[in-house]
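Trainee: I have the model open, and I'd like to learn how to read it piece by piece. Where do we start?

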Amino acid sequence: CGGVSAIWQMAYDGFPVIGATTLSDIVFSFSKISCDIDLKEGSQFKHQIITGYPRTYAQPLLMEQALELRKKMSLAGAEHVIFAIDGNSGGGSRWHTGGSFQRETYLKPIEALMNNPKLGVIFKPKNARSLPERLGSEIYKKLLAAVKTGRCHIYDDLGLRNYTTAAPPMLAALSADLCIHGHLSGTAGMECALIGKPTLLIDREGVPFHNFYELLNKDLVIFNNWDDALNASNDFFRSKNKFKDFGNWDAILPELDPFGDQMGANRIGEYLHSILRGFEEGLGREDAMLKATEIYANKWGLDKIYINETLTEAARLDDK
């Protein structure tokens, strides 16, 4: 119908994933690292625009709610709070992590909380609706018992989505001292690190080719199992001065979000608005995209765009 297709990067994979291969006129990406991965995956696009991470704008909007939860947990005795990140699971382990794999993400932090009256834990299920089924009755009862202590909280409101939990990872992270993602390939963990929270990753799947092994300090950020991550966390809470770089992503944050200004969503909106203005001026789809890209490059820098000139020129010939 003469319009354009556009898609924004939803997740950070860290290595080529065939299920993330994209075909779109416009792709909005977090960073050049993500652009490079798209190319390795065989994605096809005419204009790839680096915007930075688009969700960090929500941080100041969530602070009040996050501080209220932290105060509530502190009154119950929690001196240190961990945000345990649930990466979801499917019905079987062939196409997704199975139930037993995900149950550990809840059981280990719950056991740590029950054994330490000064510890608080926050859970944010990716899919709250299926949580009782995925955990099984025994572990789910333990989760409810942990909630009764006042030192454990579950964000389980589905909101308008009616599938994934409405609360963003950032909301839970803002109440916590430390975030632990039960997987290595974790966008939620990256979101926590981008707002300055110490964040650990657990490579339980075994993904040695993930680029986090090159980018992060694997001895202080990446662990192989929950037991090691939780034991190291206890040491961190006991003596933070000895663990200044524990869970620290500062060195690679510019690689993941080259702007770091909480304006990623705004840049996406500005670019799309430029395309609409081009249509209003009577431009065709290819010229509208080129003009929007030129405006973006002039404002944010040529290194923040990638134009597939072959595809663009082919589209111009098709139009003619």
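Mentor: Let's start with a pair of helices, α11 and α12, which are oblique to each other. Keep in mind that this is a predicted model.

Trainee: Why are α11 and α12 called oblique?

Mentor: Look at the crossing angle. The axes of α11 (residues 264-280) and α12 (residues 285-300) cross at roughly 140° and come within 8 Å. Over 145° would count as roughly antiparallel, so this pair is classed as oblique. The crossing is also right-handed.

Trainee: Which residues make the contact between α11 and α12?

Mentor: On the α11 side you'll find Arg267, Glu270, Tyr271, Ser274, Ile275, Arg277, Gly278 and Phe279. From α12 come Arg285, Ala288, Met289, Ala292, Thr293, Ile295, Tyr296, Lys299 and Trp300. By type, nine of the contact residues are nonpolar, three polar and five charged.

Trainee: On to sheets. How do strands hold on to each other in general?

Mentor: Strands pair through backbone hydrogen bonds, in either a parallel or an antiparallel way. For a case here, take the open sheet of four strands, ordered β1-β2-β3-β10, where the pairing is mixed. At the edges are β1 and β10 (305-307), each with a single partner strand, so one side of each has no neighbour in the sheet. From one strand to the next, the twist averages 20°.

Trainee: What do the helices do with that sheet?

Mentor: Our two helices turn up again. α11 lies across β1, β2 and β3, at about 145° to β2. α12 packs on the sheet too, where it touches β2, β3 and β10, and its direction makes about 25° with that of β3.

Trainee: Which residues pair up across β2 and its partners?

Mentor: Go one partner at a time. β1 (residues 6-8) pairs with β2 in the parallel sense over three bridges, and tryptophan 8 stands opposite phenylalanine 28 of β2. On to β3 (residues 44-50): six bridges join this strand to β2, and the two run parallel. There, isoleucine 26 has histidine 47 in β3 as its bridge partner, while valine 27 stands opposite glutamine 48.

Trainee: And is β2 mostly covered or mostly open?

Mentor: Mostly covered: of the seven residues in β2 (residues 23-29), six are buried. When you look along a strand, remember that in a regular one the side chains alternate between the two faces of the sheet.

Trainee: What is the strand order in the six-stranded sheet?

Mentor: This open sheet reads β6-β5-β4-β7-β8-β9, with parallel pairing. Its edge strands are β6 (152-154) and β9 (222-223), each of which pairs on one side only. Helix α5 (residues 137-148) packs on the sheet and touches β5 (119-124) and β6, with its direction at about 120° to that of β6. Further along the order, β7 (residues 178-181) and β8 (residues 199-202) are parallel partners over three bridges, and histidine 181 is bridged to leucine 201 in β8.

Trainee: Can we finish with a single residue? Is threonine 105 buried or exposed?

Mentor: Threonine 105, in helix α3 (residues 99-115), has a relative accessible area of 0%, so this residue counts as buried. Setting aside neighbours within four places in sequence, threonine 105 is in contact with Ala84, Ile85, Asp86, Phe123, Arg204 and Trp226.

Note on methods
Residues numbered from 1 in each chain as written. Predicted model: local features only at pLDDT ≥ 70, side-chain atom pairs only at ≥ 80, totals over all residues. Heavy atoms only, no water. Axes fitted to C-alpha atoms, helices over the stretch in contact; angles between N-to-C directions. Parallel < 35°, antiparallel > 145°, perpendicular 65-115°, else oblique. Left-handed = near helix turned anticlockwise from the far one by under 90°. Contact = heavy atoms within 4.5 Å. Nonpolar A, V, L, I, M, F, W, Y, C, P; charged D, E, K, R; others polar. Buried < 20%, exposed > 50% of the residue type's maximum accessible area, 1.4 Å probe, protein only. Pairing = 2+ DSSP bridges.
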